[in-house]
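Colleague: Could you walk me through reading a fold, feature by feature? I would like the general idea and then the case at hand.

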Amino acid sequence: MRQTYQGSCHCGRVRFEVEADLDHVRVCDCSICRKRGALLHRVHEDQFRPLTPLEDLTLYQFHTRTAKDYFCPTCGILPFRRPRTAPEQWSINVRCLEGVDLDAISVKKVFGSRLD
């Protein structure tokens, strides 16, 4: 069931809202995802509302420079990103959402390490 969640980075400088049916999260095995440990859930563009202007965040891109990883410039948390394999969508770091029971959500493994 889709509902609206409030999200933020650790320090609260980056805030956003997302409408999602949190039926699963993704755990990726690529080099950056392994190290950051985010639990990601993809949503369509119309389901995501940044409340902090994107230009106020730090953008990190690597390899093909298709994915866009947005970080808080103060606390360093990645609250959301544009994924390489679906750049028209947003991947939300579910760990940044308020009121979510992470133990109740199914985990799907994805293998970003296998992408060229």
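Modeller: Gladly. Let us start with a term: contact means heavy atoms within 4.5 Å. Keep in mind too that this is a predicted model.

Colleague: Then which residues is Phe80 in contact with, leaving aside its neighbours within four places in sequence?

Modeller: Phe80 is in contact with Val14, Phe16, Phe48, Leu54, Leu57, Asp69, Tyr70, Trp90, Ser91, Ile92 and Asn93, once those neighbours are set aside.

Colleague: Is Phe80 buried or exposed?

Modeller: Buried means under 20% relative accessible area. Phe80 has 0% relative accessibility, so Phe80 counts as buried. Phe16 is buried as well, again at 0%.

Colleague: Which residues touch the most other members of the largest nonpolar core?

Modeller: That core has 22 residues, and Phe16, Val18, Leu22, Phe80, Ile92 and Leu97 touch the most other members. Strand 2 and strand 9 (89–93) are the elements that give two or more residues to this core. Strand 2 gives the most, with three residues.

Colleague: Now the rings. How many aromatic pairs does the structure hold?

Modeller: There are eight aromatic pairs. Phe16 and Phe80 form one that is edge-to-face, at 5.4 Å centre to centre with 80° between the planes. This pair links distant parts of the chain, since Phe16 is in strand 2 and Phe80 in strand 8, 64 residues apart. For a stacked pair, look at Tyr60 and Phe62, with 5.6 Å centre to centre and 20° between the planes.

Colleague: Which residues do ring pairs link into a cluster?

Modeller: The cluster consists of Phe16, Phe48, Tyr70, Phe80 and Trp90. Phe48, Tyr70 and Trp90 are also among the contacts of Phe80.

Colleague: Let us turn to the sheet. How should I read strand order?

Modeller: Strands of a sheet pair through backbone hydrogen bonds, either parallel or antiparallel. Here three strands form an open sheet in the order 1-2-5, and the pairing is antiparallel. Strand 1 and strand 5 (48–50) stand at the edges with a single partner strand each, so one side of each is left without a neighbour in the sheet. On average, and with direction ignored, neighbouring strands of this sheet are turned by 15° against each other.

Colleague: How many bridges join strand 1 and strand 2?

Modeller: Six bridges, in the antiparallel sense. Thr4 stands opposite Glu19 in strand 2, and the bridge partner of Gln6 is Glu17, also in strand 2.

Colleague: What do strand 1 and strand 2 form, and which residue in the turn has a positive phi?

Modeller: They form a hairpin with six residues between them, and Gly12 in the turn has a positive phi of about 90°. His10 lies in the loop between strand 1 (3–8) and strand 2 (15–20). His10 is exposed, with a relative accessible area of 70%. Not counting residues up to four places away in sequence, His10 touches Cys75 and Ile77. The C-alpha atoms of His10 and Cys72 are separated by 8.6 Å, although these residues are 62 apart along the chain.

Colleague: Where is Thr52, and what does the side chain of Thr52 reach?

Modeller: Thr52 is in the loop between strand 5 and strand 6 (58–60). The side chain of Thr52 reaches the backbone oxygen of Arg13 at 3.1 Å. A polar atom of that side chain also lies 2.9 Å from the backbone nitrogen of Arg15. Thr52 counts as buried, at 9% relative accessibility.

Colleague: Last one: is Arg82 buried or exposed?

Modeller: Arg82 is buried, with a relative accessible area of 12%. Arg82 lies in strand 8 (residues 80–82). The side chain of Arg82 makes a polar contact with the side chain of Glu45, at 2.9 Å. Beyond neighbours within four places in sequence, the residues in contact with Arg82 include Ala67, Lys68, Tyr70 and Trp90.

Note on methods. Residues numbered from 1 in each chain as written. Heavy atoms only, no water. Helix = DSSP H or I, 4+ residues; strand = E, 2+ residues; numbered from the N terminus. Buried < 20%, exposed > 50% of the residue type's maximum accessible area, 1.4 Å probe, protein only. Polar contact = N/O pair within 3.5 Å; in protein donor to acceptor, adjacent residues only side chain to side chain. Core = buried A, V, L, I, M, F, W, Y, C linked by side-chain atoms within 4.5 Å. Pairing = 2+ DSSP bridges. Axes fitted to C-alpha atoms, helices over the stretch in contact; angles between N-to-C directions. Phe/Tyr/Trp six-rings, centres within 6.5 Å; stacked < 30°, edge-to-face > 60°.
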